[in-house]
Structures are given as structure tokens and as C-alpha cells.
Amino acid sequence: MNRNRGKKMLKVFLVEDESVIREGLRDKIPWEQYGYRFVGEAADGEMALPLIRKARPDVLITDIKMPFMDGLSLSKMVRTEFPKIKIIIISGYDDFEYAREAIEAGVDQYMLKPVTRAALRKVLLELKEKIAQDVQQDAYRSQFQSEMREYEQFSRRQFFEKVLGGGEISVKDIYEEAGKLSLELSASCYNLLFLCLQEKAGTLSDGRAERFMRRQEEVLHYFLRHPQYIPFRWNANCYGVLVKAENGQMEELTEKALEHIRQICSQEEDQMDWYVAVGRPVERLSLLSECYRSVNHYFAYRFIMPDLHLLTESTLASYLTPGEENNIGDVDPSKMAPEIIRDFLSRGSSSEIHDFVESYLQSIREALESRMFRDYVVLNIRFTVMAYMESIGAEQEEYVEEMDHKLWDINMKPSEVFDYFVDTLQAAVCIRDRRSSYQSGRALRHALEYIDSNYAMESLSLSSVAAEADVSASYLSAVFSQSMQKTFIEYVTEKRMEKAKKLLRATDKSSGEIALEVGYKDSHYFSFVFKKTQGVSPREYRNGKKD
């Protein structure tokens, strides 16, 4: 019975100029018994190279002396092009110089002719084990790097809040803090993209939520793969991307980013709302706060123009400059619908209020000179905000108190409408955030209680905890990092590592037993994470080499 049936076979390719030896190895070695599949052969390196590129073997066996292209030259080329291929050199010469050159070429095994079946079996099984270990380590590294990206997000957000806020932070400090976060900021030109991704109301279910998260990951991974972009989380549903370019590249890099976002998100318009705003490029890091002001202003138009997904200086050109002769007859009623204000009250942030009000009033500024129209606008604002307050369960007295009794007389001057609108929204958003904070706190407490009781479950995930707390995974992720000053993954990993250290100190349980007890099905991955986070292996920690 073949034990390897059903298992993934490794591919092996043979290069040997002596046909008798080549055919003997090909036909007399029981490749499948050793876990291999013979995928090709060639008489010299020159003929072998295109065949190797096509077959992509896991193991290359090649003679060292061949016409046209010898085994050492072939090995060097293969090692450069396919660094993961394992190489076995076979040679009829017991010469140290050949062996030294083979080592320099990155060869894994050096075998002397005649190659016996037993010797080749031993080498093949050793390489098979080495390949399995490499694959496992790559998987661990990939998983850990994915988790580490979660660790980085909160620190990045704090960093960009400082840089974009226009506060007292020098260019020297920007570079120093960026260095601590391993962010390379040097470039000739900079720009900002702001991206909003949110599930549509009423469409959330387990399957759709997972699909939304996958689409969000697809969008963000593009920026993680290309060093010209630095993505960072801005709030629960908004991500920022710093675009770095050399002279003449900014337009191309920006367009590629927009095309990628458009391609992914336009497929899901029935399931999610998405908007992306592009700022005005600047040439200095110290001017990024100006770039932020432009992108934030454009971003506010997502509430005014809900069908316009790309918000740029170009797509908003007709709205950014007020018309010369606006009057009541020129006003588009759809731009003043109460739903626009309600939508902002539901999803907008306090920092966006000024830009939202400016964009809302932009096209009607001249029409506000009409007393009748001005009164209508003020009443529309007041009634819409009051209706929203009622919808979230806020009492009118709470709103009046928040406004500090500045309800304003309806008979106000055109110049007073802006400030009235800002004050009204500020009071409403403050009440909303206070209530949301209470609800978030309740959800977070529920989540923390659940994690503390179940962190040892291998299946514990952000999604499962979010479902338990009755909130979306993206919402819990944002609330968690904001309130706990660490990410969900970081918190769970810390809980698991603390328990593991106690067990290592107080028991003689094996690493495998401890791994299962703290939530890791794979003991090797547990050891990998332990060393990455604690600086020493579980065995070294137990023996007193504590970091």
C-alpha cells in the first residue's frame, strides 16, 4: 500500500548527460515511495533551464560536468531565479574544489558517483523533511506577520493624527517617530487618500459580513504590497493612505490606487457604501497638514453627493467654486434634503463638521440673502436635528443644555447661518458620541468578559467575539484599539502568553500541552509566537533565561 497516496508529492527534475545513468535513475528509483513525482529530465543545463521554468520542481538533481552548461552554472541560475528549489549535485570527482564551488552556488547536497539507491533515498527523505519545515516556517511567518500588522495599526493612527493635525511636531521628530514604526517617509511629493468602507444598513449577515471583510482586506493589501503607499486606520470605517512619489509619478500612483479601489468596491455597491477622497499634493512633510485639510474637505462631500464615489478636486470642480449668480431658482432641492443632514449625524465625526457645513452651504450661499429662503434653511436644520435626537432617544432638554441654551433666533443674518449650523451639529454629535460611548463601553465590557473566559479557545476570533457582543467585527476592532490602547490580537496574545508563562514556571507540562491549554492547536506555532513576543523560547524561559 502506497502511504503517499492522497498526499501532495514533491516534484523532482533530473539533469545528466550520460543517458545510461539518467535512465537508470529515472526508471529504477521508486520516486513515489519516497514522496516524489518525476517531472522531467535533460541532458545538459542549457536544455534543462526552460524545462525547469515550466515544471517548477521542488528538487533538482544535476550532474556537475556536462557540455554546453555545466551543473554549477545551472545551479547558480536556478538558485537566483527559484531560491526555494533544493539542489543535489552528483559528481564523479572527489575533489574539494568542486565541493567548495557547489557550496558557493547554494547547493543543498553533494553526492559522489556511483549514486546508490540507499544513498539517494536518504538524501531525498532529508530534503523532504527540510522542505516541510520551510513550508511550515513560511506559514508561521505569514500568520505572525498578519497578526503583527494588527499590532501596528494603533501606533500608526496615533502617529498620523499628530502629523496631520498641524500641531507642534518638527520634521526631525516626524522622521524619528516614523523610524520607530519602521515607516520610510522620504519622497519628493506626498498626497493623501481617505477611504470609507461601510456595510449598507440592513444587509449585515454572517456570510455578507465575511464577504465585506474579504473585500476590505483586498483593498488594503494592495497598499501593503507597494512601498509607495502607507495605509493607516483613521476611525471605525475610514482608512487613510499616504502616497509617496518621486517627481512626475504622483498622478500615476494616485490613478492606480483609485482604479484598484474602484475595481474591488464597484462589485459590491449593493452590499456596501464606499467613498475615496484625494487631497492636493504637497512637496514637504511639514505641509501634510495642508494636504489633510483639502482631503478632509473633499471627503465631507460624500454626505452631499452620495452617488459620487470618487471625491477629487476634478470631480467636485462645479461644487468647490460658488456660482456667480446663485438665487433661489438655481438651488437644487436634492442638495438640501433632510436625509443629507441625518446621514452626517449618523456617520460623520466632530472633526468633519466645519467641512460638511461648508460643503452643504456652498451652492446656496448667495440664495441665503433671501430672508424667506434663509428661514427655511434654518428651520430645516433645526427640525432635522431634533428629529434625529428623538430617534436616538435623547430628550429635548439634553439637547438644549448641550447647546448651552444657544438655540438662536430664527431671524438671523446670512453670516450667522454657518455658525448656527456648526453649533447645532456639534451639540447633536456630542450627544450621539456620549450615547455611543456608553453603548461601546457596554459592548467592550461584554467582549472583554468573553475573551477573559475563553481566550484559551483555539477558535476565538474577532468575528466570534463581535458576534457575542452583538456588534460588527470592524466596529469592535476600532472600539477595542481606541479604548484599550492595543488591538484585539495583541490583547488575546498577551493573555495567552501570561498564562503560558505561569504554566511554564509552575508545572512540568510539555510545550505541546501548554499550547493546547492557552489556545494554540499547533505547538510549533505556539513556540514561534512565544519567542517573538517574549524574546526567548518556552524552554529557555522555563530554564531561567527570561527576557
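Where does Ser-182 lie? I found Ser-182 in the loop between α6 (171-180) and β6 (189-199). Helices (H or I, at least four residues) and strands (E, at least two) are DSSP runs, numbered from the N terminus.

**Basis of the entries.** I worked from a predicted model, in which local features need pLDDT of at least 70 and side-chain atom pairs count only at pLDDT 80 or more, while totals for chains, interfaces and linings use all residues. Residues are numbered from 1 along each chain as its sequence is written, and side-chain values use heavy atoms, with hydrogens and water left out.

**Backbone entries.** I looked up phi for Ser-182 and noted a positive value near 60°, in a residue other than glycine. Ser-182 is exposed, at a relative accessible area of 66%. For these entries, buried means under 20% relative accessible area, exposed over 50%, and partly exposed in between (1.4 Å probe, protein chains only).

I then turned to Phe-68, which is not a glycine and yet has a positive phi of about 70°. Phe-68 sits in the loop between β3 (59-63) and α3 (71-81).

I next checked Pro-114, which is joined to Lys-113 by a cis peptide bond with omega of about -5°. I located Pro-114 in the loop between β5 (109-112) and α5 (117-164).

**Leu-72.** Is Leu-72 buried or exposed? I recorded Leu-72 as buried, because its relative accessible area is 7%. Leu-72 is part of helix α3. I listed its contacts (heavy atoms within 4.5 Å). Not counting residues up to four places away in sequence, Leu-72 touches Ile-64, Glu-101, Ala-102 and Ala-105. Leu-72 and Glu-101 stand 29 residues apart in sequence, and their C-alpha atoms are 7.4 Å apart in space.

**Nonpolar cores.** I use the term for a set of buried Ala, Val, Leu, Ile, Met, Phe, Trp, Tyr and Cys residues joined through side-chain atoms within 4.5 Å. Which residues touch the most other members of the largest nonpolar core? I noted Phe-356 and Leu-425, in a core of 69 residues. Helix α16 (residues 414-454) gives the most to this core, with 10 residues. I also recorded another core, lying apart from the largest one; this second entry has 24 residues, among them Cys-189, Leu-195, Ala-257 and Val-276.

Leaving out residues up to four places away in sequence, Leu-425 touches Ile-341, Phe-344, Leu-345, Ile-353, Phe-356, Val-357 and Val-385.
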